[in-house]
Each structure stands twice: as structure tokens, then as C-alpha cells.
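Student: I am new to this structure and would like to learn how to read it. Could you guide me through the features one at a time?

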Amino acid sequence: MSDIFQQVAKLKIVPLVVIDDPQDAKPTGEALARGGLPCAEIPFRTKAAAEAIKICSKIPGMLVGAGTVLTVDQAKEAVDCGATFIVSPGISPKVVAYCVDKKIPIMPGTITPSDIQIAYEHGLTTVKWFPAESFGGVKTLKAIAAPYYMMKFLPTGGITTEQMGAYLNFPAVVAVGGSWMSSKELIVAKKFAEIERVTREAVNLANKIRP
């Protein structure tokens with residue numbers, strides 16, 4: 001596991017942060033950090049993503065990843081903007097090969113054993129598992145992960161505080177991903193104090209589950 005993903009494992013949660021307005025990037029990142037979670041996966045779903053990555057990567061101690069990376073060009077842009085790791089919704093051999101060659105930490109999206117096999121053949125040991133809840137939740141993940149004892153998983157997709165414990169209690173899970181702490185609604189409404197509160201609540205719970 002890369003040093004970056006070891007940091008992710010210590011944090012236990014990776015918040016998904018969708019930014020429409022670059023001006024919201026810094027206060028959102030700072031709210032997460034104050035809540036005890038100096039980390040953000042900013043997906044390339046909006047025109048503001050690249051600028052948001054630049055801004056959040058300058059927050060002291062903030063671990064910033066780029067999500068929804070679909071192409072090699074996006075991976076290059078993300079790193080140029082300050083992203084320290086790459087996340088994708090599915091597994092692209094081209095993007096994975098590029099990141100492995102450039103020693104860029106990447107968690108490609110997987111859901112089936114075939115996806116995991118491709119990641120393993122590229123030398124990866126940490127992958128995203130998406131969409132977690134829609135695909136049967138932790139019960140399904142345990143069944144799929146059994147032959148891949150060498151792999152660690154970041155489940156995302158439909159996970160909230162209620163489901164988090166079941167995933168973090170499974171040793172193969174490196175951390176969980178979710179947007180409930182930094183939902184688009186909270187960001188657009190500029191409810192940064194609420195983001196901080198919900199984040200702190202999630203962090204406290206995660207630390208109780210996995211000290």
C-alpha cells in the first residue's frame with residue numbers, strides 16, 4: 001500500500017466533495033479539516049473541479065485526490081493541479097498503466113472479481129469498490145474479496161453513518177467514501193459549520209469502530 005493510502009487508512013473516511021463554485025472550495029476543505037478529516041476527493045464532474053483541487057491542495061495538511069478520472073489527460077491535469085491520488089468510477093487499463101508508470105497512487109473503481117483481477121495484474125493492492133450499497137453492501141464485498149486476500153478496498157456509493165460501521169469492521173476495507181458530510185446541498189447553501197459538525201460526528205464514530 002502506498003504512503004498516501006496509508007494516510008487514507010488512518011483517516012478511515014474519504015469525503016466526496018463536488019464543487020460547482022471555486023469560492024466554496026477553501027471553506028469546505030477547511031470545515032472538513034476542523035472536523036478532524038483533512039481529506040477530500042474532488043471529482044471531475046464540474047467545470048470548477050480543477051480549480052477546486054488547486055485551492056484545496058494549498059490548505060495545510062490537506063490530502064486531496066481527484067475523482068471521476070476517466071482519461072489519461074484528466075489524470076495529468078489532476079496531478080498538475082495538486083492532486084496526490086487518483087480515483088475512477090471504473091477501471092481503465094490505460095489510466096491505471098499511466099499512473100503506475102508515473103508512480104501516481106490510483107484507486108480504480110471495481111465491482112466484480114474480473115475488475116479486481118485487472119487491478120491486481122497491474123500491481124495494485126488498493127481499489128475502490130463502487131457502487132457499494134447498490135451492489136449488495138458489505139455482505140457482497142466479503143464474498144467477492146475472499147479470493148483476493150492481498151487486496152484492500154475503499155467502498156463508496158450510498159454509504160452513510162448508518163452503514164459505515166459494517167464496512168470499517170471488515171479488515172479488508174481501508175476506508176469508506178461518502179458525501180454525506182459534505183453534500184452538494186450543504187456546500188451550495190454555504191453551511192460550512194454544519195459540514196464541520198457532521199464531519200466531527202462521523203470521525204468520532206469511525207474512531208470508536210476502528211481505534
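Predicted model: local features only at pLDDT ≥ 70, side-chain atom pairs only at ≥ 80, totals over all residues.

Student: Which residues of helix α3 are buried?

Tutor: In α3, which spans residues 49-57, the buried residues are A49, A50, A52, I53 and C56. Viewed down the axis of α3, these buried residues fall within an arc of 160 degrees, so they line one face of the helix. The general idea is that an α-helix has 3.6 residues a turn, so residues three or four places apart point the same way.

Student: Which residues of α1 are buried?

Tutor: In α1 the buried residues are I4, F5, V8 and L11. Around the axis they cover an arc of only 105 degrees, which puts them on the same side of α1. On the other side of α1, D3 and K10 are exposed. The cover over the buried residues of α1 includes β1 (13-15), β2 (39-43), β3 (63-67), β4, β5 (106-107) and β7. After α1 comes K12, whose phi is positive, near 75 degrees.

Student: In which sense do β2 and β3 pair?

Tutor: Strands of a sheet pair through backbone hydrogen bonds, either parallel or antiparallel. Here β2 and β3 pair in the parallel sense, over five bridges. As an example, the bridge partner of I42 in β3 is A66.

Student: What is the order of strands in the open sheet of three strands?

Tutor: The order is β6-β7-β8, with parallel pairing. At the edges stand β6 (109-110) and β8 (152-155), each with a single partner strand, so one side of each is left without a neighbour in the sheet. Strand β7 (residues 126-129) is joined to β8 by four bridges, and these two strands run parallel. K128 has L154 in β8 as its bridge partner.

Student: Where is T156, and is it buried or exposed?

Tutor: T156 is placed in the loop between β8 and α8 (161-168). T156 is buried, with a relative accessible area of 9%. Not counting residues up to four places away in sequence, T156 touches K128, W129, F130, P131, A132 and G177.

Student: How should I read pairs of aromatic rings, and how many are there?

Tutor: One looks at the distance between ring centres and the angle between ring planes; planes over 60 degrees apart count as edge-to-face. The count comes to two aromatic pairs. The rings of F5 and F85 have their centres 6.2 Å apart and their planes at 75 degrees, so this pair is edge-to-face. F5 lies in helix α1 (residues 3-11) and F85 in strand β4 (residues 85-87), so the pair ties together parts that are 80 residues apart in sequence. Both F5 and F85 are buried. For W129 and F135, the ring centres are 6.1 Å apart and the planes are at 80 degrees, so that pair is edge-to-face. W129 is buried, with a relative accessible area of 0%, whereas F135 counts as partly exposed at 37% relative accessibility.

Student: Which charged ends sit over rings?

Tutor: The charged end of K128 sits over the ring of F130, 4.7 Å from its centre. The charged end of K142 sits over the ring of F170, 5.7 Å from its centre.

Student: Finally, which residues of the largest nonpolar core touch the most other members?

Tutor: Of the 78 residues in that core, they are I13, I42 and F153. Helix α10 (residues 192-209) provides the largest share of this core, six residues. Leaving aside neighbours within four places in sequence, I13 is in contact with L37, M164, A175, V176, W180, M181, A202, V203 and A206.

Methods: Residues numbered from 1 in each chain as written. Heavy atoms only, no water. Phe/Tyr/Trp six-rings, centres within 6.5 Å; stacked < 30°, edge-to-face > 60°. Buried < 20%, exposed > 50% of the residue type's maximum accessible area, 1.4 Å probe, protein only. Lys NZ or Arg CZ within 6 Å of the ring centre and 35° of its normal. Pairing = 2+ DSSP bridges. Core = buried A, V, L, I, M, F, W, Y, C linked by side-chain atoms within 4.5 Å. Contact = heavy atoms within 4.5 Å. Arc of directions from axis to C-beta.
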